[in-house]
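These are my notebook entries on a single chain. I set down what I looked up, entry by entry.

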Amino acid sequence: MSYSLLTETESFLKAPLKHFIAGQWTSSVASENFIDVIDPSSGQKLVSVVSGDSKDVDLAVGAADAAFQSWSEITADERAELLSKLANKLEEKLDVLAQLESLDVGKAIVNASGFDIPFGIECVRYYANLATQANYEHALEIDGMEARVHRAPYGVCGFIFPWNFPFDLLMWNIMPALAAGNTVVLKPAELTPLTSLYVCQLASEVGIPDGVINAVVGTGRAVGSAIVEHPKVRRMSFTGSSSVGKQIAAMCGERPIPCKIELGGKGAAVVFDDADINNAAEQLAGAITLNTGQVCCTATRWIIHEKVYEEFLSKVTSILKATQIGPGLAEETQMGPVVSQVQKDTVLGYLDKGLNDGATLLYQGDANVSGAYEKGFYVAPYLLGGSADNVCFKEEIFGPSAYLVKFSTEEEALSLVNSLDYGLANSVFSQDLTRCNRIAEKMISGNSWINAHNVFAYGLPYGGVNKSGLGGGVNSPETFYDYLRPLTVARPIA
């Protein structure tokens, strides 16, 4: 397996990377610390990036605050035109973005170039178009007064997002805010900052004003907390683990400012005895191999009708055995490594926990990758089965694994689905669409998918409930309106 980097990709990775503040590459104010960005496919260093702290956040928020008035006062059409120029530039640089994303996360280049980057670019155009059609004024029919609700941007909005889909999460988070007239300060995951910083550079090149988009790299403790607590940040969005999300929600509540938190999941897929078993096996094998299972909404609890359990297991195992594991940038790779050694240890640790907790090992693949990539963070898919009391049925693993449980009745299946406090995304597989819709409505989650899993489209709301999220979702008009504060204007009429 081999690959070559584009000249522009190599150029971007040559020198230590800095924060992007007020349209400039900026060293940390008081720190000379750097973070090494590691290629998960080889375990080798890609580049160093400066590690910031609260002083850098203060500088970034100051730049965003200074840029807010002019950015918010230009027309929605003017903002949309600039964002459309950015979308065109991103499309022009799609191959560079795909390589950076694949190098950063370890994901298969076929996924990065075929889905992740194009889908993120579509997000820019979606919100640019929505901004020109949005209703910023809403008249109120109230006796004795002239009244309306005016929608206005908040100001500086803060964003913290994780390492599994850096480019798409950047787009999903900041684009509705920018289109609505806000300015942004973002903290990409320190493990995977490359595409976020490259997008900042491209935004500047197409004429998005200095200070509208600012990026500070660093740890959650040093940079993330400083963004949440900064008095000029008017709205927060966090994507990540449920435990950290609860802390951020509490911090926002203390101020108080509105926050949106998109958190973890432990998705379930119910496969009935009349399901298209080939489709179910393909969908669910694809769910745990996509991005090496590092997908918060993926299905990792497979609840299979006892009549088709063995048939399903045979077919899904066959698909997993044929999955090509290798370095992300190799064209033949279908599943790359996990993002870090820590994540590899976590995923394999859950395999041991599950077996010690009484699970049966149903399948484990071969993750050996030789040569220059043998030190990469590879984990083969594995399947466990057994009791729903097992730790691997209950806890989010974030790797290429699933836990299988048999069921016999519809009620039993629903009880298993709704037995956890998570509520992000589930799916149901059956040729009886009446039953599918009935089950979908009874699943406690933000998203229920029928005869498919991981279903995304702009205009299709996506969000979670309970431990999986709070405060609105992404990818829909509702997301855009989240970044406009309602202002009531009223005049008594004699």
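Entry: charges over rings. I began with Lys353, which lies over the face of Tyr350, at 4.5 Å from the ring centre. I also noted Arg301 over the face of Phe393, at 5.1 Å from the ring centre. I counted a charge as over a ring if NZ of Lys or CZ of Arg is within 6 Å of the ring centre and within 35 degrees of the ring normal.

Entry: basis. I worked from a predicted model, in which local features need pLDDT of at least 70 and side-chain atom pairs count only at pLDDT 80 or more, while totals for chains, interfaces and linings use all residues. Residues are numbered from 1 along each chain as its sequence is written, and side-chain values use heavy atoms, with hydrogens and water left out.

Entry: aromatic pairs. I found 19 aromatic pairs in the structure. Phe119 and Tyr458 form a stacked pair, 4.5 Å centre to centre with 25 degrees between the planes. I took rings of Phe, Tyr and Trp (its six-membered ring) as paired if their centres lie within 6.5 Å, with planes under 30 degrees apart called stacked, over 60 edge-to-face and the rest tilted. This pair links distant parts of the chain, 339 residues apart: Phe119 is in helix 5 (residues 109–133), and Tyr458 is in the loop between strand 18 (447–450) and strand 19 (469–470). Helices (H or I, at least four residues) and strands (E, at least two) are DSSP runs, numbered from the N terminus.

I recorded both Phe119 and Tyr458 as buried; buried means under 20% relative accessible area, exposed over 50%, and partly exposed in between (1.4 Å probe, protein chains only). Phe456 and Tyr462 form a tilted pair, at 5.1 Å centre to centre and 55 degrees between the planes. Phe456 is partly exposed, because its relative accessible area is 23%, whereas Tyr462 is buried at 7%. I found these residues in one aromatic cluster, formed by Phe115, Phe119, Tyr126, Tyr127, Trp172, Trp449, Phe456, Tyr458 and Tyr462.

Entry: I counted 5 cavities of 30 Å³ or more. On a 1 Å grid over the protein atoms alone, a cavity is a set of points where a 1.4 Å probe fits but cannot get out, and a pocket is an open set with protein on both sides within 12 Å along at least five of seven lines; lining residues have an atom within 4 Å of a point. Grid points are joined across faces, edges and corners, and a volume is the space filled by probe spheres set on the points.

The largest cavity holds about 60 Å³ of space. Helix 7 (residues 194–205) gives the largest share of its lining, 3 residues.

The second largest pocket holds about 320 Å³ of space. Of its 15 lining residues, Ala285, Gly286, Ala287, Thr289 and Leu290 are the closest to its centre. Helix 10 gives the most to this lining, with 6 residues.

Entry: Ala108. Where does Ala108 lie? I placed Ala108 in the loop between helix 4 (94–105) and helix 5. Ala108 counts as buried because its relative accessible area is 2%. Ala108 and Thr333 are 225 residues apart in sequence and 5.8 Å apart in space, C-alpha to C-alpha. Leaving aside neighbours within four places in sequence, I listed the contacts of Ala108 (heavy atoms within 4.5 Å) as Ser102, Gly328, Thr333, Gln334, Met335 and Gly336.
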